[in-house]
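Dear colleague,

Please find below the structure that I am handing over to you. My notes on what was found in it follow directly after.

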Amino acid sequence: MNAPPSPDRYDVIIIGGSYAGMSAALQLVRARRSVLVIDAGTPRNRNSLAAHGFLGQEGLHPADIASQARTELMRYPTLTWVEGKAVSARVLEEGTSFDVGCEDGRTFTANRLVLAYGVTDTLPSIDGLAERWGRSVFHCPYCQGYELYEGNIGVIGCADDGGAGQALLLCDWGKITLFCSNPDSIDAEQRERLDECGVVVESERILHVEEAATVALEGGRKVALDALFLLPHSTLSSDIAEQLGCELMDAGCITADSAKQTTVPGVFTCGDAGRMAGSIALAVGEGALVGVAVHRSLLGLLD
């Protein structure tokens, strides 16, 4: 059994205590390693009322899933949980020693780091979107599409392709209206596919969203829908990866190898910070992979 950790030094520090971070922590504490989780308490899906697509937890409130997971994790004696925001990190010794500073001034040291702090979504500046985000305005059809089957679904085209790709993806779930103020951004092939799928393209500017998902257009018309989908602009919720010198991908998430180790030895990533998928199931799976990889790294067995 490992020796008890010093008050401020751990085998592993995990920044971010949502699904991916907790999943990684579980593997490590079961390997009898000392783990510190630093969590700011702002999960990406905090506005959602139900989680879908995660076996064994189907339809439960996301906060209930997280609360149950944390309760299970806290039963392990080598797990320490700090509520707070990590704001800094640096390499003390390449691959083997790091320190992390919190907003309240506390500093902790570990042999390995896991960056699981997720991403922050920025929505288009349309009145009525923010308060409906996660309730009747969504981004993931695999999480919310089933409940809308054969309903009237709107797509707000804020992606580079005018929203055409997301609109085509959603065609399996309902009747689609694509709101695209710049139809020229949709190429001819996509336009043909949209027509084949019966997607209605609205080019008038959206003024606001009211009721559950009714879109009010500049010309005075209102389009009543059951739900809206969009692809938000998502950015990492912290600049700690950049502080450490980790390489970032073009999509904005952290570059990592097949074991989810970043370009900085000893620093790993999981969840939306390393793959902007927005799925609890994927986050938990990647977290488990990272937990095992970090343990192997501590033993010098990671290829």
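D121 and R44 form a salt bridge, and their closest N and O atoms are 2.8 Å apart. A salt bridge here is a side-chain nitrogen of Lys or Arg within 4 Å of a carboxyl oxygen of Asp or Glu. D121 belongs to strand 7 (residues 119–122) and R44 to the loop between strand 2 (35–39) and helix 2 (62–73), so the pair ties together parts that are 77 residues apart in sequence. Helices (H or I, at least four residues) and strands (E, at least two) are DSSP runs, numbered from the N terminus. D121 counts as buried at 18% relative accessibility, whereas R44 is partly exposed, with a relative accessible area of 23%. Buried means under 20% relative accessible area, exposed over 50%, and partly exposed in between (1.4 Å probe, protein chains only).

Please note that this is a predicted model, in which local features need pLDDT of at least 70 and side-chain atom pairs count only at pLDDT 80 or more, while totals for chains, interfaces and linings use all residues. Residues are numbered from 1 along each chain as its sequence is written, and side-chain values use heavy atoms, with hydrogens and water left out.

The structure holds 14 salt bridges. Another of them joins E210 and K222, with the closest N and O atoms 2.9 Å apart. E210 lies in strand 12 (residues 206–210) and K222 in strand 14 (residues 222–223), so this pair ties together parts that are twelve residues apart in sequence. E210 is buried, at a relative accessible area of 19%, but K222 is exposed, at 52%.

K260 and E286 also meet in a salt bridge through their side chains (3.6 Å, N to O). K260 lies in the loop between helix 6 (240–244) and strand 17 (267–269), and E286 in helix 7 (residues 280–298), so the pair ties together parts that are 26 residues apart in sequence. Both K260 and E286 are buried. Salt bridges that share partners join R44, D121 and D272 into one network.

Helix 7 has 19 residues, which at 1.5 Å a residue should span 27 Å; its end C-alpha atoms are 27 Å apart, which agrees. The expected span is 1.5 Å times one less than the number of residues. Among the buried residues of helix 7 are I280, A283, E286 and V290. The buried residues of this helix pack against strand 1 (9–15), helix 1 (19–30), strand 6 (107–115) and strand 17, where contact means heavy atoms within 4.5 Å.

How many cavities of 30 Å³ or more are there? The count comes to one. On a 1 Å grid over the protein atoms alone, a cavity is a set of points where a 1.4 Å probe fits but cannot get out, and a pocket is an open set with protein on both sides within 12 Å along at least five of seven lines; lining residues have an atom within 4 Å of a point. Grid points are joined across faces, edges and corners, and a volume is the space filled by probe spheres set on the points. The largest cavity has a volume of about 40 Å³, and its lining includes D272, A283 and E286.

The second largest pocket holds about 360 Å³ of space. Of its 15 lining residues, the closest to the centre are H139, A159, L231, P232 and S234. Helix 3 (141–144) and helix 4 (164–170) each supply at least two residues of that lining.

Yours sincerely
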